[in-house]
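Subject: Structure handover

Hello,

Here is the structure for you to look over. My notes on it follow below.

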Amino acid sequence: MRLLLHICCAPCSVACVETLRGEGIEPTGFWYNPNIHPVTEYKMRKNTLIQYASDIHMRLLVENYYGLREFIDNVYPNYNGRCGFCYRFRLEETARQAAEKGYDAFSTTLLISPYQNHELLKEVGAEMADKYHISFAYRDFRPHFKEGQEKAAQLGLYRQKYCGCVFSEEDRFLQGKKNLITFQKFNNRPERGTV
Ligand code: SF4
């Protein structure tokens, strides 16, 4: 089976690629993650994957698009519902390119993360498979998440601390601190939080 595997980051790809190779499938990796912000983080994750793909001799297609503005335009004002758009954005491009380039199927390393909405990913994958007339190679990679992350750590791969978008970065680093800092006492300025 010729499979185009969307890869969200190198650490998540470790166990997915090993599992697929164990099934006799040699995936082609596909980098397309306009949801990762800011630029320095985007580059760090992309370059880590490029190096890792080379190390494990995996073919990798890189769609180098930093899509901050398009992402924000599409999730505004429903920030809490942003993940649905984010999955569609990435899986649609994966399915489209897979069909255009003659692959038999597409899949995504997002399916390994216990932190993602797995059922929604499954639905979006099926929707894109219908739309582009190509198979969605669904796998529940989640049982391999821990071992994959451990192996990524042993390999010294860069491991991010938040999902990807600026909102997930805020959730990770600001949650629980929102009420800690206010400036109300200075010059009657309105209350506001700060990082
Ligand atoms: S939290 Fe993660 S999956 Fe959800 S929109 Fe942000 S980057 Fe995408």
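**Two cis prolines**

Pro 38 sits in the loop that runs between strand S2 (28–31) and H2. The model is predicted, and in it the peptide bond from His 37 to Pro 38 is cis, with omega near -10°. There is another cis bond to look at. Tyr 76 and Pro 77 are joined by a cis peptide bond, with omega about -5°. Pro 77 belongs to the loop between helix H3 (68–75) and H4.

**Overall layout and confidence**

The protein has seven helices and five strands. Starting at the N terminus, the order of elements is β-α-β-α-β-α-α-β-α-β-α-α. Of the 195 residues, 46% are buried. Take the contacts between residues at least 6 apart in sequence: 73% of them join residues at least 24 apart.

Mean pLDDT is 91, and 90% of the residues reach 70 or more. One stretch needs a flag. Over residues 178–195, pLDDT stays under 50. For that stretch the model has 13 contacts beyond four places in sequence.

**The largest pocket**

How much space lies in the largest pocket? About 610 Å³. The pocket is lined by 31 residues, and the closest to its centre are Tyr 115, Gln 116, Gln 160, Tyr 162 and Cys 163. By type, the lining divides into 15 nonpolar, nine polar and seven charged residues.

Four helices each supply at least two lining residues: H1 (10–22), H4 (82–100), H6 (145–155) and H7 (166–174). Which of the helices gives the most to the lining? H4 does, with five residues.

Gln 160 is in the loop between H6 and H7. Is Gln 160 buried, exposed or partly exposed? Its relative accessibility is 22%, so Gln 160 counts as partly exposed; the cut-off for buried is under 20%.

Leaving out neighbours within four places in sequence, Gln 160 contacts Cys 9, Pro 11, Glu 41 and Arg 45. Cys 9 is 151 residues away from Gln 160 in sequence. In space, the two are 8.7 Å apart, C-alpha to C-alpha.

**Gln 149 in H6**

Gln 149 lies in helix H6. Gln 149 has 15% relative accessibility and therefore counts as buried, since buried means under 20%. Not counting residues up to four places away in sequence, Gln 149 touches Pro 11, Cys 12 and Arg 159.

**Helix H1**

H1 has 13 residues, and at 1.5 Å a residue they should span 18 Å. The end C-alpha atoms are 18 Å apart, so the two values agree. The expected span uses one less than the number of residues.

Which residues of H1 are buried? They are Ala 10, Pro 11, Cys 12, Ser 13, Val 14, Ala 15, Cys 16, Val 17 and Leu 20. The partners in packing for these buried residues are strand S1 (3–6), helix H2 (39–55) and H6. Gly 24 follows H1 and has a positive phi, near 85°.

**Two histidines with positive phi**

His 57 is not a glycine, yet its phi is positive, about 55°. Where is His 57 placed? It is in the loop between H2 and strand S3 (60–62). His 57 counts as exposed because its relative accessibility is 70%, and the cut-off for exposed is over 50%.

His 133 is also no glycine, and has a positive phi of about 55°. The loop that holds His 133 runs between helix H5 (118–132) and strand S5 (135–136). With a relative accessible area of 71%, His 133 is exposed.

**Where to start looking**

Please open the pocket first, at Tyr 115, Gln 116, Gln 160, Tyr 162 and Cys 163, the residues closest to its centre. Then look at the cis bonds from His 37 to Pro 38 and between Tyr 76 and Pro 77. Keep in mind that pLDDT stays under 50 over residues 178–195.

Best wishes

Definitions and conventions:
Residues numbered from 1 in each chain as written. Predicted model: local features only at pLDDT ≥ 70, side-chain atom pairs only at ≥ 80, totals over all residues. Heavy atoms only, no water. 1 Å grid on protein atoms, 1.4 Å probe; cavity = no way out; pocket = protein on both sides within 12 Å on 5 of 7 lines; lining within 4 Å. Points joined across faces, edges and corners; volume = space filled by probe spheres on them. Nonpolar A, V, L, I, M, F, W, Y, C, P; charged D, E, K, R; others polar. Buried < 20%, exposed > 50% of the residue type's maximum accessible area, 1.4 Å probe, protein only. Contact = heavy atoms within 4.5 Å. pLDDT = per-residue confidence, 0-100.
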